[in-house]
Amino acid sequence: MLRFAVALVLAGAALVASFSIRATELKPWEGGATPPLALEDMGGKTHNLGEYKGKVVLVNFWATWCEPCRAEMPSIDRLRSSLKGKPFEVLAVNMAEPLSRIEKFSASLPLGFPLLRDRDGSVGKTWKAKLLPASYLIGRDGRIHYVAYGELDWSSDAVRAKVAELLQ
Amino acid sequence: MNRRIFLKSAAAAAIAQSLPWRTAFAQDGWRTFETVTRVEVRDSFGVARAWVPLPMEMDTSWQKALGNSWSGNTTTAEVKHDGKYGIAMLYMEWSDKVMNPVVEVTSRFMTRDRATDFARADSPIDLSAADRKFFTAPTELIPTDGIVRKMALDITKGAKTDVDRARAIYEWIVDNTFRDPKTRGCGVGDVKSLLESGNLGGKCADLNALYVGLARSVGVPARDVYGVRVAPSRYGYKSLGAGTANITKAQHCRAEFFASGYGWVAIDPADVRKVVLEEPPGNLPIKDEKVVAARKRLFGSWEMNWVAYNNGHDVKLPHATKAPKLPFLMYINAESDGELRDQLEPDSVRYTITAREITA
């Protein structure tokens with residue numbers, strides 16, 4: 001019975017793996033100037049991207065209904081933890097969901113970065129975040145340098161190298 | 001459908017039926033829906049590609065896009081746009097090393113019923129000269145000269161305003177066409193052939209394209225709007241809603257015309273003919289009260305148990321090997337090893353679309 005259960009779990013894992021080969025990569029941004037972003041987090045504190053100048057910022061648009069968004073969150077948190085003490089911040093912007101849903105998600109997956117609320121999705125539209133997760137890596141100069149649409153392993157060497165390049 | 005939901009919708013339908021259509025519509029607010037499209041390119045050899053239409057990106061007073069996401073084993077997944085009409089689609093590509101190409105695309109959007117109050121010509125929206133020209137121009141399958149214009153001039157004789165002309169064409173379509181259940185998919189919208197054949201049967205892409213062609217040919221800006229039904233009708237019409245959560249074959253296109261003072265006006269003569277043919281017990285007479293009510297309602301309003309994708313024609317699929325021009329993009333398209341699969345045969349690509357309303 002135990003052997004059967006293990007086999008079932010392994011088969012399930014193989015199926016999940018075969019269904020989630022990642023096609024996403026960080027690509028150089030060619031979309032022009034950084035749009036403004038000033039949004040409240042779940043506690044009501046406003047985060048203004050303009051005030052983060054001098055830091056590398058990952059702006060990540062996400063939703064609880066977006067499976068790849070949820071899947072990549074832990075890797076974002078791992079990246080953030082590994083850069084502790086360095087000028088690196090994450091602003092995760094939820095797209096137009098009720099506070100109760102975000103709170104439920106946050107309780108199930110505690111994260112070390114603020115979850116901001118784009119209440120009507122208008123900020124996401126300004127950022128052209130049509131395909132979620134939509135992630136923008138902003139350099140210390142305040143400009144967007146890289147973009148990724150889709151799930152990414154943010155703790156991978158390839159991503160770390162690009163973040164390190166921006167931190168220099 | 002569970003009993004509680006059924007009772008709720010039955011009660012809503014009963015209330016709605018006791019109200020004039022417009023009053024019932026005005027009481028509705030925004031509803032949120034999710035669609036999940038799963039595409040498998042079967043028996044794929046070589047590079048595979050797929051194109052999935054996405055909800056219209058532009059926010060309107062009746063639809064707002066909330067976002068899309070995907071998961072699967074694609075090598076590339078990008079939002080692409082048709083240059084002329086701005087049609088949004090998710091383009092996916094699988095390398096020849098991927099044996100079983102598969103993707104799931106999730107889209108969320110909000111909709112709200114829409115209606116035009118013809119007693120108030122106070123809409124500030126106007127069309128630029130360029131837009132007016134764009135929405136009165138012919139397309140490959142919708143000419144605006146020859147038999148189309150001749151027919152439209154006859155139909156609109158004596159009509160003084162754009163609304164009069166639009167209404168005359170609407171009534172003519174309802175009175176003179178029929179829904180042909182044998183038409184593949186939603187039809188192709190070959191307006192000239194339809195008129196020349198004298199056989200005015202078809203489905204929404206034929207009948208509403210005929211409307212658009214006739215309207216454009218007499219200078220009334222008009223456009224088809226392609227999409228898919230996502231929920232049952234709450235107004236007592238079984239034929240005008242998605243019967244189940246599986247909406248793989250629930251594609252439907254509608255139409256709009258533009259009139260100064262009213263903006264874009266929703267119409268759907270093809271759905272009137274659908275009520276005639278399909279509303280139980282079927283083959284209803286044109287004077288049946290359900291048909292009469294639908295006919296009145298569908299000149300000026302839409303129930304938004306449907307999501308709009310786009311209003312494009314003559315669509316070139318980006319990166320398609322043989323770059324065929326489609327009359328419109330309403331279905332999932334896929335190709336493998338350079339051959340485009342039949343978009344009207346979901347089993348040749350194996351795709352399913354499911355929809356659900358988000359209530360919490």
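Which residues are linked with R38(B) in a network of salt bridges? In this predicted model, the network takes in R38(B), E40(B), E104(B) and R350(B). One of its links is the salt bridge between R38(B) and E40(B), with the closest N and O atoms 3.5 Å apart. R38(B) is partly exposed, at a relative accessible area of 28%, and E40(B) is also partly exposed, at 21%.

A search over all chains finds 30 salt bridges in the whole structure. Another of them joins the side chains of R356(B) and E34(B), at 3.2 Å from N to O. R356(B) sits in strand β19 (residues 351-358) of chain B and E34(B) in strand β1 (residues 31-40) of chain B, so this pair ties together parts 322 residues apart in sequence. R356(B) is partly exposed, with a relative accessible area of 44%, whereas E34(B) is buried, with 8%.

Chain A has a salt bridge to visit too: E89(A) with K55(A), whose closest N and O atoms are 3.1 Å apart. Here E89(A) belongs to strand β5 (residues 88-95) of chain A, while K55(A) lies in the loop between β3 (46-48) and β4 (56-62) of chain A, 34 residues away. E89(A) is partly exposed, at 26%, and so is K55(A), at 31%.

Back in chain B, look for strand β5 (residues 88-94), where six of the seven residues are buried. Strand β2 (residues 48-53) of chain B runs antiparallel to β5(B), joined by six bridges, and A50(B) has M92(B) as its bridge partner. Strand β4 (residues 76-81) of chain B is likewise antiparallel to β5(B), again with six bridges, and E78(B) stands opposite Y91(B). Between β4(B) and β5(B) the hairpin has six residues, and G86(B) takes a positive phi near 70 degrees.

Conventions: Residues numbered from 1 in each chain as written. Chains lettered and ligands numbered in written order. Predicted model: local features only at pLDDT ≥ 70, side-chain atom pairs only at ≥ 80, totals over all residues. Heavy atoms only, no water. Buried < 20%, exposed > 50% of the residue type's maximum accessible area, 1.4 Å probe, protein only. Helix = DSSP H or I, 4+ residues; strand = E, 2+ residues; numbered from the N terminus. Pairing = 2+ DSSP bridges. Salt bridge = Lys/Arg side-chain N within 4 Å of Asp/Glu carboxyl O.
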